[in-house]
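Dear colleague,

Please find the structure below.

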Amino acid sequence: MLSFQPVESDNFQLPPSMADTAPPIDKAYDFIFWFSVVFTVAITAALLYFIVKYKRKPGVKPEPTGHFMKLELFWTITPTIFIFFLFHAGFTGYIRNATAAEGATEIRVRGKKWSWEFEYPTGDREPGELTLELGRPYKMIISSEDVLHSFYIPEFRMKRDAVPGQYSFIQFTPTKAGVANVFCAEYCGTSHSGMLATVKILPPAEYKEWEKKLGDCQGGAEECEPAKWGERLFVKNGCTTCHGAGGTGEIGGSKSPGPKLAGLFGRDENTTAGPVHVDENYLRESILRPNAKIVAGYATVQMPPFVMKDKQLDAVIAYIKSLK
Ligand SMILES: [Cu+2]
């Protein structure tokens, strides 16, 4: 199995830089930071000096100062030159990062309440985990299935809104193997803070190994036992953000947006379509077409429909059955 070490950052205040998009942004950031430090110190020092020097003194009558053209030109032109520098640093980085490399691999990114899903060129979908090959250029095609989200990878210094009804794009080439993080950077409701994913950047040989099992369970026999794999899929699909960890129906001591799933299998459920006996078929329908039968009392929150391979669905169902 692959193991990952946390990646050390070489910048004292920013997370590690793990894609080619990061260095130009860090350069602009560092320039602005040190520029501000130097001027804050210089202006504060001048201020203190003048406070002491021009303090009111007995017997001295203050006189109003006149116009000093040279000084005024100096403090107008100098900052203007610096602003051009700042603009140049920001704009060249922006243009560079807005251009996709020739032949970039396209990956679809879908945001929905409250998870991220990644679709590879093969058509395989992976929830909650984006796996990339080190050194390969990528283009992400980002969209939302419900409300406004924002796809943010701090290690790549990349953030783009996921807007319902349109695509947005980011492009990059990963430059360091390891794990990076995905956050949603646009408040999108109750479990916004749980809308997370990981990015795994693998060296080419390991990537090939991973690719062979794309859409399947990655891991040893024990980890891939249906209920165990189902548990991981339950987390990665963001089911926990609505049904609570372990399907307990609780998040942080309060009632979760979706109903409790523990103990659901085998009992009768009250739905808008009348009472149903909860079996495998009801669970399957609840995941693929959640609006077919709505649990009584839950008409105001919408569970989004999920698209899964049968194998993945079987695993999730096995996990829900195991919740007591
Ligand atoms: Cu969001």
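Helices (H or I, at least four residues) and strands (E, at least two) are DSSP runs, numbered from the N terminus. This is a predicted model, in which local features need pLDDT of at least 70 and side-chain atom pairs count only at pLDDT 80 or more, while totals for chains, interfaces and linings use all residues. Residues are numbered from 1 along each chain as its sequence is written.

I begin with helix H4. Gly238, which follows H4, has a positive phi, near 80 degrees. Within H4 (residues 226-236), the buried residues are Trp229, Gly230, Glu231, Arg232, Leu233 and Phe234; a residue is buried if 20 or more other C-beta atoms, placed from the backbone, lie within 10 Å of its own.

The axes of H4 and H7 lie 7 Å apart, at an angle of about 95 degrees; axes are lines fitted to C-alpha atoms, for helices over the stretch in contact, and angles run from 0 to 180 degrees between N-to-C directions. The two helices, H4 and H7, are therefore roughly perpendicular to each other, a term that covers angles of 65 to 115 degrees.

I turn next to the sheet. Five strands form an open sheet with mixed pairing, in the order S4-S10-S9-S6-S7; two strands pair if DSSP finds at least two bridges between them. Strand S4 (129-133) and strand S7 (158-162) are the edge strands, each pairing on one side only. Strand S6 (residues 149-153) and strand S9 (residues 178-184) run antiparallel and are joined by two bridges. Phe151 stands opposite Cys184 in S9.

Yours sincerely

Definitions and conventions: Buried ≥ 20, exposed ≤ 12 C-beta atoms within 10 Å, placed from the backbone. Parallel < 35°, antiparallel > 145°, perpendicular 65-115°, else oblique.
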